[in-house]
Amino acid sequence: MDAQANPLPEKEEVRIRPFWYSDYWIFPKLITIVTTLDKHGRINAGAYSHIMQHDVMHKNPRILLGFRNTSHTFNNIRETGEFVINCPKYDTLADMMETGRFYPDGANELDYTNYTMIPSRKVKPPSIAECPQIIECTVDKIYELDRTQGHVLGKMEAIVMDKGLAALPRAERLPAMNLPVGLGDEKRKYYFYTSTHDVVMHELGDPPDVEVEPVAGEAEEEAAEADAMEWDAQALEMLDGVPKALQKMVRGQVEGALLDRGEKAVTGALFKGLAREFGLSEELLDRYRTDADTAA
Ligand SMILES: Cc1cc2nc3c(=O)[nH]c(=O)nc-3n(C[C@H](O)[C@H](O)[C@H](O)COP(=O)(O)O)c2cc1C
């Protein structure tokens, strides 16, 4: 790179203060409306963007949400154990923002929007018809952080999407869904967004062949780890079929799970059972295959 034409940017350290995550750090985020019922059965809706996948395997798929611990939504989730995550479209930003206002306890924010409530499939709080992707959840765990925030791990009971969307290739699905991407706020008053309407695609190729110098003792450590449990021929053959990039992780997880169950060796049958349990399907493994796997 020509350092003169493109000088590297100068850096400054910024003080870490409350609301650092919004005041200067930029976290582009998924925007959702969480619907709940309170303990009296009254509907509540709130705008929430602190949301992330937690366990991505299909055996126990979970999602993480963060709440101010005095919010109505958090209290309702604590009291009833159910909630629905609705992702609104960019075109309905004004209605989504309405659900972010501080309405009094017991008010249904959706009554002040153009959204349509529809029954959910697996839980009691309603879903929002205008939202193209929806997740219905029950509570798996709740963590309270120093009396400020609550984190909820939601067990995903159902993913519900507008018919036909799930089958669309991503390049068509993104503009069709046109989801808002939250870009934070200024003074809790001015909220910034972009949308998934205009997107660019980059292809991720295989990495170049790189020789990495071994660290002292690493080879012995790996050999000791590999000797930790006996593998029968069928199990070894199955491990060989796992993409190279995942083999070490899969070996460790299989041995860990089987040791926990008191097994002394990895057999093909035990490996197969675990693969089924953890959703380690061929389709999933194919995602991780590179040229190095197909060449082998
Ligand atoms: C776009 C947007 C995203 C928000 N995300 C969160 C969030 O992730 N966590 C949170 O505690 N509050 C968040 N808020 C604030 C809540 O929406 C707000 O406190 C609302 O009044 C909560 O409603 P409730 O008390 O009925 O749950 C967000 C607000 C907006 C507008």
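What follows is a chat that walks through a predicted model of one protein and its ligand.

Me: Before we start, what should I know about the numbering and the model?

Reply: Residues are numbered from 1 along each chain as its sequence is written. The model is predicted, and local features need pLDDT of at least 70, side-chain atom pairs count only at pLDDT 80 or more, and totals for chains, interfaces and linings use all residues.

Me: OK, how many helices and strands are there in the protein?

Reply: The protein has ten helices and 14 strands, where helices (H or I, at least four residues) and strands (E, at least two) are DSSP runs, numbered from the N terminus. Its C-alpha atoms fill a box of roughly 65 × 60 × 45 Å along the principal axes.

Me: And which domains does the assignment give?

Reply: It gives domain 1 (20–195) and domain 2 (220–295), with bounds that come from an automatic or database domain assignment. Taken over C-alpha atoms, the centres of domain 1 and domain 2 are separated by 36 Å.

Me: Let's go to the ligand. Which residues are closest to the ligand?

Reply: The closest are Gly46, His50, His72, Thr73 and Gly100, out of 19 residues that surround the ligand; a residue counts as near when its C-beta atom, placed from the backbone, lies within 6 Å.

Me: Which elements supply that shell around the ligand?

Reply: β3 (43–48), β5 (62–68) and α2 (72–80) each supply at least two residues, and β3 gives the most, with four residues.

Me: What is the shell like by class?

Reply: It has seven nonpolar, ten polar and two charged residues. Here Ala, Val, Leu, Ile, Met, Phe, Trp, Tyr, Cys and Pro count as nonpolar, Asp, Glu, Lys and Arg as charged, and the others, Gly among them, as polar.

Me: Staying with α2, which of its residues are buried?

Reply: In α2, His72, Thr73, Phe74, Asn76 and Ile77 are buried. A residue is buried if 20 or more other C-beta atoms lie within 10 Å of its own, exposed if 12 or fewer, and partly exposed in between, with C-beta atoms placed from the backbone. The buried residues of α2 pack against β2, β3, β5, β6, β9 and β10, and after the helix comes Gly81, whose phi is positive, near 75°.

Me: What does β5 pair with?

Reply: β5 pairs with strand β4 (residues 51–55) in the antiparallel sense over four bridges, and seven bridges join β5 to strand β10 (residues 149–161), also antiparallel; two strands pair if DSSP finds at least two bridges between them. Ile51 stands opposite Leu65 in β5, while the bridge partner of Phe67 in β10 is Gly150. Between β4 and β5, which form a hairpin, there are six residues.

Me: New topic: how many residues has the largest nonpolar core?

Reply: It has 28 residues, and those with the most contacts inside it are Ile33, Val34, Phe83, Val84 and Ile85. A nonpolar core is a set of buried Ala, Val, Leu, Ile, Met, Phe, Trp, Tyr and Cys residues joined through C-beta atoms within 7 Å. β2 (32–37), β3, β5, α2, β6 (82–87), β9 (133–145) and β10 each supply at least two residues of this core, and the largest share, four residues, comes from β6.

Me: What does Ile33 touch?

Reply: Not counting residues up to four places away in sequence, Ile33 touches Ala45, Gly46, Ala47, Asn86, Pro88, Met96, Thr99 and Ile128; contact here takes C-beta atoms, placed from the backbone, within 7 Å.

Me: Where does Ile31 lie, and is it buried or exposed?

Reply: Ile31 lies in the loop between β1 and β2, and it is buried because 21 other C-beta atoms are within 10 Å. Leaving aside neighbours within four places in sequence, Ile31 is in contact with Ala47, Ser49, Pro88, Met96, Pro180 and Gly182.

Me: Last one: in what order do the three strands of the open sheet come?

Reply: The order is β1-β11-β12, with antiparallel pairing. β1 (29–30) and β12 (190–195) stand at the edges, each with a single partner strand, so one side of each has no neighbour in the sheet. Two bridges join β1 to strand β11 (residues 180–186), and in β11 the bridge partner of Lys29 is Gly182.

How values were computed: Contact = placed C-beta atoms within 7 Å.
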